[in-house]
Amino acid sequence: MEPFVTHTGIALPLNRVNVDTDAIIPKQFLRKIDRKGFGQHLFHEWRYLDYEGTKENPDFIMNQEPYRKATVLLARDNFGCGSSREHAPWALDDFGFKVIIAPSFADIFYNNCVKNGILLVQLKSAEVDAIFEFAEKNKGATITADLPSQKVSAGGKKYSFDISPFNKECLIKGLDGIGWTLQFSDRIQDFETKLQQTKSWLVRK
Amino acid sequence: MGMTMFEKIWNDHLVRDSQRDTSIIYIDLHLIHEVTSPQAFAALRETKRLVRQPKNTFATMDHNVSTRTKDITKVEASSRNQMDTLSRNCQEFGIKLYDFENEDQGIVHVIGPEQGLTLPGMTIVCGDSHTATHGAFGSLAFGIGTSEVEHVLATQTLQQNKPKTMLINIEGQLPKGSTAKDIILYIIGKIGTAGGTGYVIEYAGSAIRALSMEARMTICNMSIEAGARAGMIAPDDITFEYIQGKDFAPKGADWNKAIANWKTLPSDKGATFDLVLNIKAEDIKPQVTWGTSPGQVVSVDGVVPDPESFTNPVDRTAARNALSYMQLTPGTKMTDVKIDKVFIGSCTNGRMEDLRAAAQVVIGKRVAPGVTAIVVPGSGRVRKQAIKEGLDKIFIDAGFEWRYAGCSMCLGMNDDQLKKGERCASSSNRNFEGRQGPGGLTHLMGPEMAAVAALTGKITDIRKL
C-alpha cells in the first residue's frame, strides 16, 4: 500500500447525502477478479448518459473542469453506505481521489478506505459546510490534508480531525495489515489451543 | 456492573486487547462468495500466504448465479469466470464450497443458519454487508471488505475498533398485518440510515422474543441499512430449537456444553448501553419505501411526503432527488402507486416462512395483467421444502415465475434486473438508485405486501385484504 502522509489537491464538492457504494460503483462492474481499472466506472450512473458509459453527462460535476483532476472529494453525511464492496475505494483510488472529507462515513467503507491508503477526514457538519462553501465559491481551489498533524487546510482555515492511532500509523507507513497481525501469531495459536479446551463444539475436525 | 451480550462476545474473542485503539479479535466462522473473494485469494498467492483455518471457512455462489437455469454454460462469461475462480480457489486452499450444482447452494446468509454453521456466541464475518443476519442467533456478525477477507483467510482474525452499543427495545404486540420487515423498516425510518453508524444494535423486548428465528434474521439482516455493522438478538429456546439437529450443529455431549455456554450470553440485567431506544410494537404499521434510501419510508396508508416538509436542508435535497428519480409526486397515496414487477426473495425475505406467507396471499388468485412477478427461494433447501409443501404450484398457478436459489433481483448483478423506469414491489433490502437495474424504481416492503401488489398491480395495504 502507498503510504499517505500529506496531500494537496483540487476539491470536488459532491453535494449529496447518503451516497451509497452502488452509486460509487454499480454492480455490473463487480464481475472482475482483479483490483484494477475501476476508476472509469466511478459514479457511472451519474457520470454517463448511457449504460455503456460512452456519453458523458455534462451536468455531473466530475465531467466539468477543473474537477476532472480533483483528488479531494467533499461529501455529505453517511458517505459510502450500503454494500461492503471494496470496489468502491478501488474505483475512487483509481480515479485519483486520495482524501475524502465528510461529516460521517459508513463503517465498512471507512475500513476499506484505510486498507487502500485513502484518508477519510471526518469533520463537524458546520465545518464541512464551510469547506463546501469555500470550494463552491473558489472552483478549482486546492485543499491540503496533513495526517501527522491531523489537520485540513482550506481557504486559509485549518480544521483538526480525529483518527485512531493504529489507522494513522497504517496510513503513514503504508503498512501491510496482515503482516502486522502476524507478529501476534503466538497469541493466535494460544487462543486456538484454549478454544479446543473451552469450546470443543467450534473445533471442526 | 453487568455486561451486554456484545461485550461478552467481544471479550471472549480478544486475541490482542487494546482498550483505546485497534484490537485483534478471533473469527469463528468465515463465509465467502464469488464476488468479493477473488482478489483476496489472488493476494494470498502473491504473498505466498495460506488459509490459516480452511475448516472455519465456507463458500457459496449466490450474487451472480442465474436463477433461471442450472446450466452454467448459459451464464454470462464474466460471472462464470468469478464462479470458476471461486471453485479453483476453494479447491486449492481446501475450503468447503456449495457450488452452482450443489443442491444446498444458496444465498450465503440463508445457508449459514440452515446448515447449522451459524451458532450463538460466535464471531462471524463475510465479504457482504448483510452478514448482520447471523446476529439473530446471538452472535457478533458483520460485513467486511475484500482486504479484510484476505486478512481473515490468512490469520483467522480481524483488526477491529470496539464499536458502541445500542439497545432497541420493542415492547408489546405487533398489529395484525405487520411483520418483522415492518419492524426493521420502521426502525430505519426512525433512526435514519446513519443512525446506527459506529454501533452494534441489540434488539430486545417482548415483540422480539415473540418472533421466530427467520423473522429475527429479517430484522438483524437490515441493521446495515440503519448504518449499524451488526445487529443481534439474545439466544433463547426458540434459537436452540432451530439449531438442534442441523448438519453442523453440535451433537451429543458437545450440544449440552454449547447450550450451557449459550445461556450465559444474554445481556446482564443492569448492563449499560451507549444508547437506548424504546419502541411500542403497536405503533408499527405495514411499511413501504417511497424514496431511494431505506430510511425514506412511510406506513402503507401514508402518502409520498413533500420535500419542503423536511426541516433539514440536506434531507430536503435528498427527498427532492429521490422523488425526481422515483417519478413520484408529493401527496400521492402510496396505495395509488402502480407497479410493473414483483420480487419475492433475498437474504432479507427469501426463507420458508416468507414463501409460506406470500403463498398464503396468492393462493387461488392471479397476478394482475402486465405485472411480472418472480419468487426466488433463498437456497436449494428452501426451494426443495417449498416444493414439498406445494408452494411452487401455488405460485406458478397464480402466474408467478418460480426460480432457482440466488440473490437474483435484489442487486441485479445477474440476469434478473429492472429495466429503466420499471417499478418494483420488492421484499429485498435496498432501494438505492439503480440497485435492481439501471433506472429501476424500487419500493421495499414485506413479502406478503409484495405478493398482494402482484395481484392488484399496485402497492396495496395488506390489512385491507
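Mentor: Let us begin with a pair of strands in chain B, where strand β9 (residues 164-171) is joined to β12(B) by six bridges, the two running parallel. Please keep in mind throughout that this is a predicted model. Within that pairing, B:Met166 has as its bridge partner B:Leu275, which belongs to β12(B). A helix also lies against this sheet: helix α1 (residues 5-12) of chain B packs on it and touches β9, β10 (199-204) and β11 of chain B, and the direction of this helix makes about 130 degrees with that of β10(B).

Stepping back to the sheet as a whole, one finds an open sheet of four strands in chain B, in the order β11-β10-β9-β12 and with parallel pairing. Its edges are formed by β11 (230-232) and β12 (275-280) of chain B, each of which pairs on one side only. From one strand to the next, the twist averages 20 degrees. As background, strands of a sheet pair through backbone hydrogen bonds, either parallel or antiparallel.

The antiparallel sense can be seen in another sheet of chain B, an open one of three strands in the order β1-β2-β8. There the edge strands are β1 (14-16) and β8 (157-160) of chain B, each pairing on one side only, and the twist averages 35 degrees from one strand to the next. Two bridges hold the antiparallel pairing of β1(B) with strand β2 (residues 23-26) of chain B, and B:Leu14 stands opposite B:Ile25 in β2(B). The helix packed on this sheet comes from chain A: helix α8 (residues 185-198) of that chain touches β1, β2 and β8 of chain B, and its direction makes about 155 degrees with that of β1(B).

To complete the setting, consider the nonpolar core. The largest one has 204 residues, and those with the most contacts inside it include A:Leu74 and A:Ile100 from chain A as well as B:Val342 and B:Ala450 from chain B. Helix α6 (residues 180-191) of chain B gives the most to this core, with eight residues. Leaving aside residues up to four places away in sequence, B:Val342 touches several others, among them B:Val371, B:Cys424 and B:Ala450.

Definitions and conventions: Residues are numbered from 1 along each chain as its sequence is written. Chains are lettered from A and ligands numbered from 1 in the order in which they are written. This is a predicted model: local features need pLDDT of at least 70, side-chain atom pairs count only at pLDDT 80 or more; totals for chains, interfaces and linings use all residues. A nonpolar core is a set of buried Ala, Val, Leu, Ile, Met, Phe, Trp, Tyr and Cys residues joined through C-beta atoms within 7 Å. A residue is buried if 20 or more other C-beta atoms lie within 10 Å of its own, exposed if 12 or fewer, and partly exposed in between; C-beta atoms are placed from the backbone. Two residues are in contact if their C-beta atoms, placed from the backbone, lie within 7 Å. Two strands pair if DSSP finds at least two bridges between them. Axes are lines fitted to C-alpha atoms, for helices over the stretch in contact, and angles run from 0 to 180 degrees between N-to-C directions.
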